[in-house]
Amino acid sequence: MKTDLTGLFTEKPQSGEVTVGENINFVAKVNAASLLKKPTIKWFKGKWMDLASKSGKNLQLKELYDRNSKVYTFEMQIIAAKPSFAGAYRCEVSSRDKFDSCNFDLTVHGGCPHTHSMDGSEEAGELDFSALLKKSASKSQVKNEPDEDVWEILQKAPASEYEKIAFQYGITDLRGMLKRLKKMKKEEKKSEVFLKKLDPAYQVEKGHKMKLCIDVANEDVDVKWLKNGQEIQSTGRYIFESVGNKRYLTINHCSLSDDATYTCVVGDEKCTTELFVKEPPVTITSHLEDQMVMKGERVELECEVSEEGATVKWEKDGVELTRDESFKYRFKKDGRKHVLIINEATKEDCGHYTVKTNGGESMSELMVSEKELEVYQNIADLTVKAKDEAVFKCEVSDETVKGIWYKNGVEVKADARTNITHIGRIHKLTIDDVKPEDQGDYTFVPEGYAFNLSAKLNFLDPPKIHLDCMGHTADSTIMVVAGNKLRLDVPITGDPAPTVVWTKGEKVLTEGDGRLHVESTKGHCIFTIEGADKQDEGLYSVIVRNPAGEDKADINVKVPLRCHQPPVMYIVTMFDFFFPGYVLERKKKKSYRWMRLNFDPYTDTTYEAKRMIEGVEYEMRVYAVNAIGMSCHSAASQPFIPVAPTSEPVGLCVDDISDTTISLKWRTPEHLGSSELDGYGVEYCKEGCEYYKEEDGIKAVEYTDEWVPAFEGLTERTSVIIRDLPTGEKMQFRVRAYNMAGPSAPTSLAQAVTIREIMQKPKIWIPRNLRQTLIKKVEETINLVIPFQGKPRPVITWSKDGEYLNPKQVSVRNSDTDTILFIRKSERKDSGKYEVKLQIENVEDTASISIQIVDLPGSPEKLKIMDVWGFNVALEWKPPKDNGNCEITGYMVQKADKKTMEWYTVYELYRRTNCVVADLIMGNEYIFRIYAVNMVGLSLEPCFSADGFEYKPPTYKEHDFSEAPKFTHPLVSRSVIAGYNATLSCSVRGIPKPKVTWYKNKMDISNEAKYRMFSKQGVLTLEIRKPCSFDGGVYMCKAVNASGEDVVECKLEIRRKYP
C-alpha cells in the first residue's frame, strides 16, 4: 500500500498545448539527497494506462542524474502529436515508503477527432487506446468480471477479428494459438464416462496456481493425468484430489515448462485441454549510470531486471556486443543483476551502451580520458561584497581543452552579468555586480577528463538588526515586573555571521555573574537577566559587526516593583528530603492523554516499558518524587517506534549442490513488523552441533557455539551460494532474518546435507521464442542461447539437417548451463533445421530449432496494359521468380506522367496481380511500374510497363449554331408630346450577333446627334431627345448578319404641347 504524499517532486510536469504533428516534452525532477534508494517513476494516461510499455516512434521516456546536485530528471517526450493524444496524464514517483503524484493535461490543436481503426492498421496500438477503453468499459457494464478468458473470445470471434484481439490482450504467439484453437473448435461426441469434461483451453500467469477439474459418472473409477502424452507423477507441484465424482489436478507455481497439453484418461476414453502460461515481460528496475574513467581502468556497467535468469542484450552505439575470442567484453549475471565488464578501457570504448530486455531498455554513456590533465593553477575560494566583481580563474596544461562551469551542479550560462572566457591555457568565469543569489559552490569540469576543480563564492552581507520585541511601547520601552526573567530576543541577519556586543550605557555586558546570560544563535541574539530588579533599569544597546559593516539598536528597559506578599515558611526535617524515586508516563504521539506506567515510585534511572503496539509512535516523560511531592514533568522524549524481531524465514531448501559448494534459497518471513528488513545471516556447522533439550514437557532445540557464518555481514537476497565446503561431509545449515530489533528465530534444513555432487539427467530448455520458426534477415546476426541442465557437464553436439556444422560459418560456445550458436552474418543457405544433442554417459536429450533466412524479393515480371477506358487503365503482371524465402505480402503500384516523370504511388500494398488505375488525365501519356513486397521490404528493381500509352479522344462533327436575324418584339407606333424625350424599343435575336441600323423615312440616322441608340441583351432602344413636329414620321430598324437580315418599322406622331 502506498503511503501519503510526501512532496518528492522539486519540479512537477505542467499542463501543455501542442499542434498536431509537433513535439512536446514534460519534465519532472526529484531530489534524491534524502532518499536511501533510487526513486521509481511511472507515467500514466488516464487512470490506469501505464505508458512504459508504449515507448516507440510517438513516445520516448528519458532519465538523467546529476551527481553534484543529486537530482534525477525524468522526461516524457511526445513526438508528432495526434488529436487522440489529448487527455489527462499522471506522473507517480516512489522510493520505499515515500510517494508523490502529479496530474497534468495535454491539449492538441488543429485536428479532427481520431476514430480507432477497426482493421488492424499501422496506427492501432501506438498511443490511442480510447476506443479500446470504451470497448473494455462497455464490457465491464455488461459483465462484472475482473478477468476475461481470451480463448472464449477467440472461439466466438470471426477470423477477421483475430489480429485485433491479439493486440488487445497482448498475445504474441498468435499463429501457435490459432493452431490450437482449430483443434478446440472440433465437436466432441457425448461421453458416457465424463459428466463434465475439461474446457478446451486454460490460461494462467507464470508463478500462479492452476486447478483442472472433471466430473466422472462412476465415483470409484480411477483416472490418469497425462502431460504431452507422458503420465504425471504426484509431486510437490502436482497434486491429485478425488472428491465424490470430481477429480482435480492442481499445479502449483506454474512455469513455462507447464505450458503443454493435458489429458485425463478414464478407461478407453479421455478428454484433453491446452494450458497456456503467460510470461510477464522482463523490465529494467535499476538503470545504467553514466561513467567517466581513465584509459586502462576497469569499467563495470551494472543494471538490475525484474526476474532472475532473464536474458538481456548489450549494444554499443546500436551494435550488439558478443563474447569474442579476445575477451574484450565480459558478461556477468548474478541473480537479477547483469554486469558488462571492460577490463582495460581504451579511447575506442567511448560511446553509448544500451541493455535491452523484452520489456524495456536502459542507456548510459561511457567517456574515457586518454591522458591525465595537469593543473597549473587551481580556482580559489572568493569572498566578495555586494555589487563587487567575482573572478574564478584556473590554468591547465592543454590549451585545446574546453570545459564547462557549474554552480551547485547546474551549468552556468553566459549572460549580461556572467562572462566565460578561454584564452590559451587559462579559463575564467567573471561575475559582475555580485548578488546574494550568486553565492554557492562553483566547479570547472574539463571535457573528456574524469576530475573537476571546485571553489566557493562567499557573499558578504552587511549586518542588520530586525528589532521586533514583544511588549515594547511606541518609544521602544520594554517593561518587566521585578523578580521575573528579562529576555531580549533580537533577530539579526548578515553573512558571515556577525559578532554581537550588548552594552548598558558605556559598560559592555558580559556573563560576569550568574544572573546575566548572553547567547548568539543563527539569526538571533538573546540577552537574559534572571530575576530582574530595579537596578536593571536603563538603556541597553545591541551592536552587530562583520567585515561588511555594523548595525546598532537601542532598547529601553523599565522594572516596576511588584506588590509584597506575606512569606510562606516550610519546616522541613532531614527525613523530608528523602528521594523515593520517579513516576513515568507514556502517550501515543498523536494523542493528548498521558498514561501512568507505575504507581509506586521507581528508584532506578532505567525503565523497560512493555505492552506497546508495534509500529505506533510513542513519547515518554518523567516526574521526580520526594516526600514533599512530585516535580514538574520533564520534556517529552523524542518520538520512538517499538519494534520486534521478524518471524523466522520460511521454505529453506537446497537449490543446487556440488562437491564443494551448495546453493540455498528461502522465502521472506511471514511477519516483518514495522521495521525494515536489514538482511539475512546464513550459518553452517557439521552434523552433531545441535541437540534437543526438554524442559517442562516442552522439547526445544539447543545450539552450540560451533555455528560458522557463511559470509561476513548480511545479504538482502533470498538465495546464496556457499563455497569451499569439505567434500563428503554432512553439514547442517540455518538462516536468520535481521532487523533493527536483532535476529529472528533461525530456520534450519529438515536434515543434514552431504556435500557431494548428484548426477542430473540432461534436459534441454528451449526458449519459448525458439519453439516456432526463427525468422532473420540476410546479414543479420544469429545468437541462439539454449539453456540446459545436467551433471556432470554433458557432451554437446550441433548439427544442421543431419550434417555437422561448418565452423567457418557457424560458431558454437558451451558453458555449464547453456550452449550458444552464433552466426555473425547470416545467408540464405543458413536456413534449415538445427539440432542440438546433450549426452551424459548413456543418457541423452535432443531438441531442434528451425531457422528461416529471408531476403528482399525479386522484381515482378511481364507488366502489361490490358485495357483503357475513360480515365482508367487495367494492368496485369506475374509474381517474381524469387520471393526472398518468404511469402509475398503484396505489390506497390506507381504511375508517372511521361512529361514530368514524377512517380506517384497508386497502391501501397496491393495483394492481387491485376489492378485498375483510375483518375488519369485524358491526352497524357503514362508509364507504370510495380514493386514486389514481402516482410523484408520492397524489391530492389521494379517492373516497368513496356511502352507509354496515349489516350486519343474520339472526333465529333462540329454543330452549326448560326441563325439569321429575327425580331422577336416589333416596334409599336406611338403618339408623343413635343418637347419631351421619346423612346422606341424592339428585340432581336441572331447568331452571330447582327449589325443594327436605324432609319427615319428610309434615311440613316445613326450619326445624328439628336438620336441615341442602345443595345442590351438583344433589346434595341432608340431615344429621341425633345422631339418637335419635324421629328414625326416612319422609323425603321434593320438587323443584318452573315445568315440574313430582318426589318421592323413603326409610325411616330408628334403632338403640340398646347392645343
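The conversation below goes from the whole chain to single residues, a sheet and the aromatic rings.

Guide: This is a predicted model, in which local features need pLDDT of at least 70 and side-chain atom pairs count only at pLDDT 80 or more, while totals for chains, interfaces and linings use all residues. Residues are numbered from 1 along each chain as its sequence is written, and side-chain values use heavy atoms, with hydrogens and water left out.

Visitor: How many helices and strands are there in the protein?

Guide: The protein has four helices and 84 strands, where helices (H or I, at least four residues) and strands (E, at least two) are DSSP runs numbered from the N terminus. Of its 1059 residues, 36% count as buried.

Visitor: Why does aspartate 1031 count as buried?

Guide: Buried means under 20% relative accessible area, exposed means over 50%, and partly exposed is in between, with a 1.4 Å probe and protein chains only. Aspartate 1031 has a relative accessibility of 5%, and therefore it counts as buried. This residue is found in the loop between β82 (1019-1024) and β83 (1033-1041).

Visitor: What does the side chain of aspartate 1031 reach, and which residues does aspartate 1031 touch?

Guide: Its side chain reaches the backbone nitrogen of cysteine 1028 at 3.0 Å. As for contact, which means heavy atoms within 4.5 Å, aspartate 1031 touches Lys1000, Lys1010, Tyr1011, Ile1024, Lys1026, Leu1052 and Ile1054, when residues up to four places away in sequence are not counted.

Visitor: What makes valine 221 partly exposed?

Guide: Valine 221 has a relative accessible area of 21%, so it falls in the partly exposed class. Its place is in the loop between β12 (210-216) and β13 (224-227), and, leaving aside neighbours within four places in sequence, it is in contact with Val216, Arg247 and Val266. The C-alpha atoms of valine 221 and valine 266 are separated by 7.5 Å, although the two residues are 45 residues apart along the chain.

Visitor: Why is one side of β60 and of β63 left without a neighbour in the sheet?

Guide: The open sheet has five strands in the order β60-β67-β66-β62-β63, with mixed pairing. Because β60 (774-777) and β63 (803-804) stand at the edges, each with a single partner strand, one side of each is left without a neighbour in the sheet. Two strands pair if DSSP finds at least two bridges between them, and four bridges join β60 to the parallel strand β67 (residues 843-854). Leucine 774 stands opposite isoleucine 851 in β67.

Visitor: How many aromatic pairs are there?

Guide: Rings of Phe, Tyr and Trp (its six-membered ring) pair if their centres lie within 6.5 Å, and planes under 30 degrees apart count as stacked, over 60 as edge-to-face and the rest as tilted. By this rule the count comes to 18 aromatic pairs. Tyrosine 72 and phenylalanine 74 form a stacked pair, at 6.1 Å centre to centre and with 10° between the planes. Tryptophan 405 and phenylalanine 444 form a tilted pair, at 5.0 Å centre to centre and with 50° between the planes.

Visitor: Which parts does the pair of tryptophan 405 and phenylalanine 444 tie together?

Guide: Tryptophan 405 lies in strand β31 (residues 403-407) and phenylalanine 444 in strand β35 (residues 440-446), so the pair ties together parts that are 39 residues apart in sequence. Both tryptophan 405 and phenylalanine 444 are buried.

Conventions. Polar contact = N/O pair within 3.5 Å; in protein donor to acceptor, adjacent residues only side chain to side chain.
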